[in-house]
Amino acid sequence: MSTYNAEFRGLANYYALAHDAKQKLNKLQYIWQGSLLRTLADKHKTSVKKQHQRLRHDGDMVVKYRVGNEERTRQVFNLKYLKDLRKAWDQVDLLPNTFVYSSGTELRKRYNAQQCEYCGKQQGYFEVHHVRKLSDIKDGKEAWQKLMIARRRKTLVLCVECHDQLHAGKLPSWKRSNREMESAIR
Ligand SMILES: [Zn+2]
C-alpha cells in the first residue's frame, strides 16, 4: 500500500501540469486502482467487488489494519488530494469535503490541516494514530503518550515518518515541535 501510494503520488505530481493531465491521470488512476483491488482480492482470496466494498468510505478508499491493540488507517492515494492539481483544475468535485475518518468532524478538520501534530511537518502524507483507551497510555513515558494524555485525545494526526517511528518505538522526543506540546510536557 505504501509503495502504491508513493509511486502514484510521485507520478501524479510529476505529470500534474502536462497537457491533458487531468484526463490522463484520472484514467491512469482508474487502471491503478483496479490493479490494486485485483492484487488485494487475490491475496485475500475474494473478489474485486468485495475488496472495493471493504475499502470504500465516503468516496475515499481506506485500508484499516491492526498493529497489536491499535487500529491504523491508510488511505489509498487519490488525485483529489493533490492541492496543486485542485488549484490547476479548479474542480468543485475535487474539494476535500468528503474526507473519511468516521470519528467525526473534529478529527476530519485536524486531518485536513495536513500537519503532523507531533513534529509539525506540513508536507507529505498523514495518518491517524489511534489508541483504544487513554488509560492504556496514562503511565507512558514517551513524549507522544504525554501529548495524547495532555490533549485528552485518543487520536493523533501524524506524518508517515513519525507514525512509523512511533510503532517502532523510536519516535524521538526532540522531534516534537508545537507549543501545545511543549507546554504539555513541561
Ligand atoms: Zn511528524
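Predicted model: local features only at pLDDT ≥ 70, side-chain atom pairs only at ≥ 80, totals over all residues.
Residues are numbered from 1 along each chain as its sequence is written.

**Helix 2 with helix 3**
- Helix 3 covers residues 48–55, and its axis lies 8 Å from that of helix 2, at an angle of about 105 degrees.
- On the helix 2 side, Leu37, Arg38, Leu40 and Ala41 make the contact; helix 3 brings Val48, Lys50, Gln51 and His52 (contact means C-beta atoms, placed from the backbone, within 7 Å).

**Helix 1 with helix 2**
- Here the axes cross at roughly 170 degrees and come within 11 Å, with helix 1 at residues 2–15 and helix 2 at residues 21–44.
- Helix 1 and helix 2 are therefore roughly antiparallel.
- Tyr4, Phe8, Ala12 and Tyr15 of helix 1 meet Ala21, Leu25, Trp32 and Leu36 of helix 2.

**Helix 2 itself**
- Its buried residues are Leu25, Leu36 and Leu37 (buried takes 20 or more other C-beta atoms within 10 Å of the residue's own, exposed 12 or fewer, partly exposed in between, with C-beta atoms placed from the backbone).
- These buried residues of helix 2 pack against helix 1 and helix 3.
- Just past the end of helix 2, lysine 45 has a positive phi of about 55 degrees.

Terms used. Axes fitted to C-alpha atoms, helices over the stretch in contact; angles between N-to-C directions. Helix = DSSP H or I, 4+ residues; strand = E, 2+ residues; numbered from the N terminus. Parallel < 35°, antiparallel > 145°, perpendicular 65-115°, else oblique. Contact = placed C-beta atoms within 7 Å.
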